[in-house]
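I opened this structure for the first time today. These are my notes, in the order I looked things up.

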Amino acid sequence: MILPWQATCMQIVTRIVNKAATRDEAMAIVNKSLDRWIELITGSARGTELKRVLLFPEFALTGFPLWESA
């Protein structure tokens, strides 16, 4: 028997790291975004016993790479 589950697509504000001057500055931006993600994940888990799949957009933590190298 397959138990019920729910998928949720999360729409978020992406804070891009392209203009960060240093790695530390870029990581501060990413960490601020992660703090918000944790709030969203915690809030979405309330009131349900369903197994959940949360989907976030591609490049949502950093923004799309423009001129950065791999």
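**Surface patch.** I started with the nonpolar side chains on the outside. This is a predicted model, and I read it as such. Ile2, Trp5, Val53 and Leu55 form a nonpolar patch on the surface. Together they have about 450 Å² of accessible area.

I then took one member of the patch, Val53. Where does valine 53 sit? I found it in strand β2, which covers residues 51–55.

**Aromatic pairs.** Next I looked for paired rings. How many aromatic pairs are there? I counted two aromatic pairs. One of them joins tryptophan 37 and phenylalanine 56, and it is stacked. I noted 3.8 Å centre to centre and 5° between the planes.

Which parts does this pair tie together? Tryptophan 37 lies in helix α1, residues 23–45. Phenylalanine 56 lies in the segment after β2. The pair therefore links parts that are 19 residues apart in sequence.

I checked the cover on both partners. Tryptophan 37 has 14% relative accessibility, so I put it down as buried. Phenylalanine 56 is partly exposed, with a relative accessible area of 21%.

Phenylalanine 59 and phenylalanine 64 also form an aromatic pair. This pair is edge-to-face, with 5.1 Å centre to centre and 80° between the planes. Is phenylalanine 64 buried or exposed? At 54% relative accessibility, phenylalanine 64 counts as exposed. Phenylalanine 59, at 34%, counts as partly exposed.

**Confidence.** I turned to the scores. The protein chain averages a pLDDT of 84. I saw that 91% of the residues score at least 70. Which element has the highest confidence, and which the lowest? The highest is α1, at 89. The lowest is β2, at a mean of 81.

**Whole chain.** I finished with the overall layout. The protein chain has one helix and two strands. From the N terminus on, I read the order as β-α-β.

I then looked up the dimensions. The C-alpha trace spans about 50 × 20 × 15 Å along its principal axes. The radius of gyration of the protein chain is 15 Å. A compact globule of 70 residues would have one near 11 Å. Last, I noted the burial: buried residues make up 17% of the 70 residues.

Definitions and conventions. Residues are numbered from 1 along each chain as its sequence is written. Side-chain values use heavy atoms; hydrogens and water are left out. Patches are made of residues with over 30% relative accessible area and no salt bridge: like charges are joined within 9 Å, nonpolar side chains (Val, Leu, Ile, Met, Phe, Trp, Tyr) within 5 Å. Accessible areas come from the Shrake-Rupley method with a 1.4 Å probe; for residues, only the protein chains shown count as cover. A salt bridge is a side-chain nitrogen of Lys or Arg within 4 Å of a carboxyl oxygen of Asp or Glu. Helices (H or I, at least four residues) and strands (E, at least two) are DSSP runs, numbered from the N terminus. Rings of Phe, Tyr and Trp (its six-membered ring) pair if their centres lie within 6.5 Å; planes under 30 degrees apart count as stacked, over 60 as edge-to-face and the rest as tilted. Buried means under 20% relative accessible area, exposed over 50%, partly exposed in between (1.4 Å probe, protein chains only). pLDDT is the predictor's confidence in each residue, from 0 to 100. The radius of gyration is taken over C-alpha atoms; the globule rule is 2.2 Å times the number of residues to the power 0.38.
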